[in-house]
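Q: Hey, I've just opened this one and I'm new to it. Can you walk me through what's worth looking at?

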Amino acid sequence: MKLLRRTLLLAPVLALACLMAQAADRECGLRPADGERLRNLAQSLVSRGHAPGAVIDVRCDGRPWLQGAFGLSDVSRSRPMQLDSLFRIYSMTKPLTSMLVMMLAEEGRLSIDDPVARYLPEFSKTAVHNGSTTFPPETVPPQRPVTVRDLLRHTAGLTYVSALPDPVSRMYVQRGIDHGAGNKIVPTDGSPAIESLADLTQRIAAIPMLAQPGMRYSYGNATDVLGRVVEVVTGKSLRDAMAERLLKPLAMRDTSFQPAPEQLNRLTAAYMAPAKAPQGPGIFSRVDMQTVAASTFNLVDDPANSVFAARRVADFGGAGLVSTAADYQRFLLLMLQRGEVDGVRIVRRDTVAAMTHNQLDALALRDTNLERSGMGFGLGFATFQSPERSPAALPLDGYFWAGAASTYFWVDPGRGITGVLMTQVLGGDVRPYFVELLDTLYKHQP
C-alpha cells in the first residue's frame, strides 16, 4: 500500500501526550532547552515524512523527564500514536535474552565459557568456512569449540539470512534460516520450513561458521541460539522462562512474544521504506534531514492480522518481542541501577558491568561497522568506546542497541539518563534522527 506524504502531513503530528517533568534546571545534566529540542526533533521526524509516528521517552534516574507521542500508529485507520502503543522491537529483544542467560550463569546453571555443544549437541560437529568462493563452502575444523560467551558477543561465526553472494550466506538462504522478523522463510533446497527453535539451531549448526570461534564479530542468529540454550537449561519455553524470570519481576506487563487479545488494539502498523538519506560507514549517519525527501511507506505488517498476533514457529530470542517505550524503560532502569529495581536485586552488579563493557579485541572488531563508529560490544550491548571516531555525540561510559523497525535505546550511567525512541519503519531514514537526538544531549556539553 503506497502512502503519500500528504497523508502524513495531514496527520496529527503534534504530541498527543507530551509530558516534561518540572525538574530543576540541569537535572541529570538535562536542560529545559534540551527537552524543547527533542520534542521538535520527534515532531519533525513525522512532519518531514520520515516516520508515520513515533514515541520518545527520556528519563532521569528512572523518573520521566520527557515523554511524547507523535503522529499516527496506523495510517490507514487514522489511529493516533499513544504513549502505550505496542512496537515490534526486533533486535532490542537481544539484550533481554542475554540478561536471562547471565542470570542463569549467576545461579550456576550454566557457564558462559561452556561449549554450546554441552547444551546443544548439534554444535559438536560444526565446521568453519575457509574463505573460498566455491559452493558448497569448503571448510576447516574449528580451532576451539563455540562457547556461550561467543553467542553473547557475536563471535560465534554466525550471520543472518541475506542476499549476499558468499557461500555461507547462500546456505542460510538454501536452508531457510529464519531471522525472526515474522513470516517463515521458505528454504530453496526443498526442505520444509523451520517449525521450532530446536529445528532452527540444528540447521544453523550444520552450516559452516564464517570465522573461527572468537576471532571476528559477526552479527546474526547467535541470540536465537541463546534462546534455545535457555529452553534446554530451564526445561521451559523461552517465553515462559523470560516471563517468569525477567518480565514479571520488572513489571513489564506490555512486553511479550505474543500480545494478549486485549492488547492488540494498541499494536502499531509496521512499514517498509527505502532509504533516501546518504548512508555513511558504520552504525550512525549524520545527515541534514531537512534536505532529504519524504519517505514512501509500504505496509508490511497490519495489526489486524499481524504475524505477531498469533503464536509463531519459535520464540526468537534475537527479534521476537513486542513492547512499549515505558515498559522497555523498566529494563533500562535495571541496567542503570546495576541490577536492582524497586529495592529488589535481580542480578549482580558485576554481571551488569560485564555485559556493558567491551568484550572484543581489536582483531575481532577490525573492519566492522562497530569499529567504524568507535564502538565495541559487550554481552548483549554495543558500548561507546571512542566517541571522537563516531558521527554521533556519545556518553563515554554509555551503551545502546536498536531494532530493525527503527527502535532505539541508550543508557548513560554517568548522568543517570535512559532513553527510548520508537517508530515502526524498516529501512527508511530514521537513524539520522537518533544521531541528532544524541547530539542534542551530548554535543557541546560543559
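Predicted model: local features only at pLDDT ≥ 70, side-chain atom pairs only at ≥ 80, totals over all residues.

Q: Which residues form the aromatic cluster?

A: One cluster is made up of Tyr160, Tyr217, Tyr219, Phe284, Phe377, Phe384, Phe400, Trp401, Tyr408, Trp410 and Phe434.

Q: Back to phenylalanine 400. What is it in contact with, leaving aside neighbours within four places in sequence?

A: With those neighbours left aside, phenylalanine 400 is in contact with Ile283, Phe284, Met375, Phe381, Ala382, Phe384, Phe409, Trp410 and Phe434.

Q: Now the nonpolar core. Which residues touch the most other members of the largest one?

A: That core has 132 residues, and Met99, Phe284, Phe331, Phe400 and Trp410 touch the most other members. Helix H9 gives the most to this core, with 8 residues. Apart from that core lies another one of 9 residues, including Leu86, Ala270, Ala319 and Leu426.

Q: H9 again! How many residues has it got, and how far does it reach?

A: H9 covers residues 325-336, so to speak a run with 12 residues, and reaches 16 Å from its first C-alpha to its last. That is close to the 16 Å expected at 1.5 Å a residue.

Q: How many of the residues in H9 are buried?

A: H9 is mostly covered, with 11 of its 12 residues buried. Among them are Ala325, Asp327, Gln329, Arg330 and Met335.

Q: What follows H9?

A: Arginine 338 follows H9, and its phi is positive, near 55°.

Q: Switching topic: how many disulfides does the count come to?

A: The count comes to 1 disulfide. Cysteine 28 and cysteine 60 form it, and their sulfur atoms are 2.0 Å apart.

Q: Which hand does the disulfide of cysteine 28 and cysteine 60 have, and why?

A: The disulfide is right-handed because the torsion about the S-S bond of cysteine 28 and cysteine 60 is about 75°. The pair links distant parts of the chain, 32 residues apart: cysteine 28 is in the loop between strand S2 (19-20) and helix H2 (32-47), while cysteine 60 is in strand S3 (residues 53-60).

Q: Buried or exposed, those two cysteines?

A: Cysteine 28 and cysteine 60 are both buried. For cysteine 28, the relative accessible area is 15%. Cysteine 28 also has a positive phi, near 55°, in a residue other than glycine.

Q: And serine 78, what's its phi?

A: Phi of serine 78 is near 55°, again a positive value in a residue other than glycine. Serine 78 is found in the loop between strand S4 (63-74) and strand S5 (79-80), and at 54% relative accessibility it counts as exposed.

Q: What about serine 91? Where is it found?

A: Serine 91 is in the loop between strand S6 (87-88) and helix H3 (94-106). Serine 91 is buried, with a relative accessible area of 9%. Not counting residues up to four places away in sequence, serine 91 touches Tyr219, Gly318, Ala319, Trp401, Ala402, Gly403 and Ala404.

Q: Last one: what sits over the ring of phenylalanine 135?

A: The charged end of arginine 170 does, 4.0 Å from the ring centre. Phenylalanine 135 also has a cis peptide bond to proline 136, with omega near 0°. Proline 136 lies in the loop between strand S7 (128-129) and strand S8 (139-140). Elsewhere, arginine 312 lies over the face of phenylalanine 308, at 4.1 Å from the ring centre.

How values were computed:
Residues numbered from 1 in each chain as written. Heavy atoms only, no water. Disulfide = S-S within 2.5 Å. Helix = DSSP H or I, 4+ residues; strand = E, 2+ residues; numbered from the N terminus. Buried < 20%, exposed > 50% of the residue type's maximum accessible area, 1.4 Å probe, protein only. Expected span 1.5 Å × (residues − 1). Phe/Tyr/Trp six-rings, centres within 6.5 Å; stacked < 30°, edge-to-face > 60°. Lys NZ or Arg CZ within 6 Å of the ring centre and 35° of its normal. Core = buried A, V, L, I, M, F, W, Y, C linked by side-chain atoms within 4.5 Å. Contact = heavy atoms within 4.5 Å.
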